[in-house]
Amino acid sequence: RMSGLDLLKKVRALNRDTIVVVLTSDANVDTAIEALNLGANNFLHKPPNSEEILSVMWRATKQREIFLENAELNPFTERTIHIEIPSQLKFIKGIAHNIIADAKLMGYDEAELRDKIPVTVDEAVTNAIKHGNKFQEDKKVYIDIHIDVERIKIVVADEGPGFNVKAVPDPTDPANFLKPSGRGILFMSIGMDEVRFNEKGNILTLIKYKNSPDE
């Protein structure tokens, strides 16, 4: 007990992936256009002939294929994300989500990334804001992410003076384990396969391989 357009709205609300073809008369062109704006894939004129039905269904099938995942395409795909944020901790939220979402499309294990990426990104960007830029909001933090079928590369750079990486106590040394200094590097080392700083100490490179380098 609803109009065709009301039914279309209900279907789209329940499952946006459902293909909807509207059947309309020549006198209801405006209705067909409204249906397309509401998410219908196509429309047919009353009474439709078999050739028109086949044509519309073929187009709908091709449209659906566009949205299906294609693992065969991944070897030819690279994903990049560039983020610039002011030195405020509130902007860290969402960075890890974007990395995980893109990596998932490239065939990475989402569960594993959820265990590793959020903690790593939080430590890396927090250090850049707190220790690098000293919370100076006129200075930015730059995050560049590159994802391909082999690895996730995250580069975090700040505009601070840098620091002497060698002066930080080795957090894996039992004697330093309970010291707060260097603990962020420990967390990042656990989550990533490679952790590297540039000589100045204001650019951090993190690498996570899809498969362990030892495999």
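## Overall layout

The chain has six helices and seven strands, where helices (H or I, at least four residues) and strands (E, at least two) are DSSP runs numbered from the N terminus. Going along the sequence, they come in the pattern α-β-α-β-α-β-α-α-β-β-α-β-β. A quick word on the source: this is a predicted model, with local features needing pLDDT of at least 70 and side-chain atom pairs counting only at pLDDT 80 or more, while totals for chains, interfaces and linings use all residues. Residues are numbered from 1 along each chain as its sequence is written, and side-chain values use heavy atoms, with hydrogens and water left out.

Of the 215 residues in the chain, 32% are buried. Here buried means under 20% relative accessible area, exposed means over 50%, and partly exposed is in between (1.4 Å probe, protein chains only).

## The cores

The largest nonpolar core holds 30 residues, and Ile 117, Val 125, Ile 143, Ile 145, Ile 152 and Ile 154 have the most contacts inside it. H5 gives the most, seven residues. As a general point, nonpolar side chains in soluble globular proteins tend to be buried together.

Leaving aside neighbours within four places in sequence, Ile 117 is in contact with Ala 96, Ile 99, Ile 100, Ile 154 and Met 192. There's also a second, separate core of six residues, with Leu 8, Val 20, Val 22 and Ala 35 among them.

## Around the second core

Ala 40 sits in the loop between H2 and S2. With a relative accessibility of 9%, Ala 40 counts as buried. Not counting residues up to four places away in sequence, Ala 40 touches Leu 8, Val 20, Val 22 and Ala 35. Its C-alpha is 7.1 Å from that of Ile 19, which is 21 residues away along the chain.

In helix H1 (residues 4–14), the buried residues are Leu 5, Leu 8 and Arg 12. Looking down the axis of H1, they fall within an arc of 50 degrees, so they line one face of the helix; the arc is taken over the directions from the helix axis to the C-beta atoms. These buried residues pack against helix H2 (29–37).

## H4 against H5

The H4 and H5 axes come within 9 Å and cross at roughly 145 degrees. Axes are lines fitted to C-alpha atoms, for helices over the stretch in contact, and angles run from 0 to 180 degrees between N-to-C directions. The crossing is right-handed, that is, the near helix is turned clockwise from the far one by less than a right angle.

From H4, Ile 95, Ala 96, Ile 99, Ile 100, Ala 103 and Lys 104 meet Glu 110, Leu 113, Arg 114, Ile 117, Pro 118, Val 121 and Val 125 of H5. By class, that contact has ten nonpolar, no polar and three charged residues.

Thr 205 lies in strand S7 and, at 12% relative accessibility, counts as buried. Leaving out residues up to four places away in sequence, Thr 205 touches Lys 153, Ile 154, Val 155, Glu 194, Val 195 and Arg 196.

Glu 78 is in the loop between H3 and S3 and counts as exposed, at 54% relative accessibility. Glu 78 and Asp 148 are 70 residues apart in sequence, yet their C-alpha atoms are 4.8 Å apart. With residues up to four places away in sequence left out, Glu 78 touches His 146, Ile 147 and Asp 148.

Lys 46 and Pro 47 are joined by a cis peptide bond, with omega at about -15 degrees. Pro 47 is in the loop between strand S2 (42–45) and helix H3 (50–67).

Lys 134, in the loop between helix H5 (110–132) and strand S4 (140–147), has a positive phi of about 55 degrees although it is not a glycine. Phe 135 is in the loop between H5 and S4, with a positive phi near 60 degrees. Phe 135 is partly exposed, at a relative accessible area of 42%.

Conventions
Core = buried A, V, L, I, M, F, W, Y, C linked by side-chain atoms within 4.5 Å. Contact = heavy atoms within 4.5 Å. Nonpolar A, V, L, I, M, F, W, Y, C, P; charged D, E, K, R; others polar.
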